Amino acid sequence: MKILTCIVCPVGCKIKIDEDGNIYGARCDRGVSFVKRELLSSERILTTTVKVDGGIVKVVPVKSNKPIPKERLREIVKKVSSLSVRAPIHRGDVIYSDEEVSLIATRSVGEAQDV
Ligand code: SF4
């Protein structure tokens, strides 16, 4: 028996899948679809932050442009943890990109002003 927590809505149903593939505990069909997707290939939108040089704040939040296979999340987070980008940054700028995914800035960061 496998148990997954549905993340489609805030209810968070605990959905059980038995050895024969029968699905129990989902309150709606979206949960059943979620479980089927998770069993085939598990993907997540990645949200993290990237260091900013010369900005009014030290980091900029970024989000992947599409869901990423869970196996790649750790690798990408490790790569961007060593990145830093120079302010100014505009919301929607591509902060990181590889052959499969791009990370997009979700807010703007202005340049720090010397006073
Ligand atoms: S199964 Fe339906 S009600 Fe339950 S958490 Fe998933 S989407 Fe929400």
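Let's start with a pair of charged side chains: R72 and E100 meet in a salt bridge, with 2.9 Å from N to O. This pair links distant parts of the chain, since R72 sits in helix α2 and E100 in the loop between β9 and β10, 28 residues apart. Keep in mind as you look around that this is a predicted model. How exposed is E100? With a relative accessible area of 32%, E100 is partly exposed. Why might two such side chains get together at all? Side chains of opposite charge can pair when their charged atoms come close.

R72 has other partners too, so let's stay with R72 for a bit. The side chains of D98 and R72 also meet in a salt bridge, at 2.8 Å from N to O. D98 lies in the loop between β9 (94-97) and β10 (102-105), while R72 is in helix α2, so this pair ties together parts that are 26 residues apart in sequence. Is D98 buried or exposed? D98 is buried, because its relative accessible area is 16% and the cut-off for buried is under 20%. R72 is buried as well, with a relative accessible area of 11%.

Now look along the helix itself. E75 and R72 meet in a salt bridge of 2.8 Å, N to O. What separates these two along helix α2? They are 3 residues apart, which means about one helical turn lies between them. E75 counts as partly exposed, at 33% relative accessibility.

Salt bridges that share partners join R72, E75, K79, D98 and E100 into one network. How many salt bridges does the structure hold? The count is 5.

β9 and β10 form a hairpin, with 4 residues between them. The two strands run antiparallel and are joined by 3 bridges. Which residue in β10 stands opposite Y96? That place belongs to L103. β10 also pairs with strand β6 (residues 59-64): these two run antiparallel, and 3 bridges join them. If you want to find a spot where they meet, look at K63, whose bridge partner in β10 is I104. As background, strands of a sheet pair through backbone hydrogen bonds, either parallel or antiparallel.

Let's go back to helix α2, this time to K70. The helix covers residues 70-81, and K70 is found in it. K70 is partly exposed, with a relative accessible area of 41%. What does K70 touch, once you leave aside its neighbours within four places in sequence? Its contacts are E38, S42, E43 and R44. T49 is another story: the C-alpha atoms of K70 and T49 are separated by 18 Å, with the two residues 21 apart along the chain.

E38 has its place in helix α1. Is E38 buried or exposed? E38 is buried, with a relative accessible area of 15%. Neighbours within four places aside, E38 is in contact with L4, E43, R44 and K70.

Strand β2 (residues 14-17) pairs with β3 in the antiparallel sense over 2 bridges.

The last stop is the ligand. Which residues are around the ligand? They are C6, V8, C9, G12, C13, R27, C28, R30 and G31. What kinds of residues make up this shell? The shell divides into 5 nonpolar, 2 polar and 2 charged.

Technical notes: Residues numbered from 1 in each chain as written. Predicted model: local features only at pLDDT ≥ 70, side-chain atom pairs only at ≥ 80, totals over all residues. Heavy atoms only, no water. Buried < 20%, exposed > 50% of the residue type's maximum accessible area, 1.4 Å probe, protein only. Contact = heavy atoms within 4.5 Å. Near = heavy atom within 4 Å. Nonpolar A, V, L, I, M, F, W, Y, C, P; charged D, E, K, R; others polar. Pairing = 2+ DSSP bridges. Salt bridge = Lys/Arg side-chain N within 4 Å of Asp/Glu carboxyl O.
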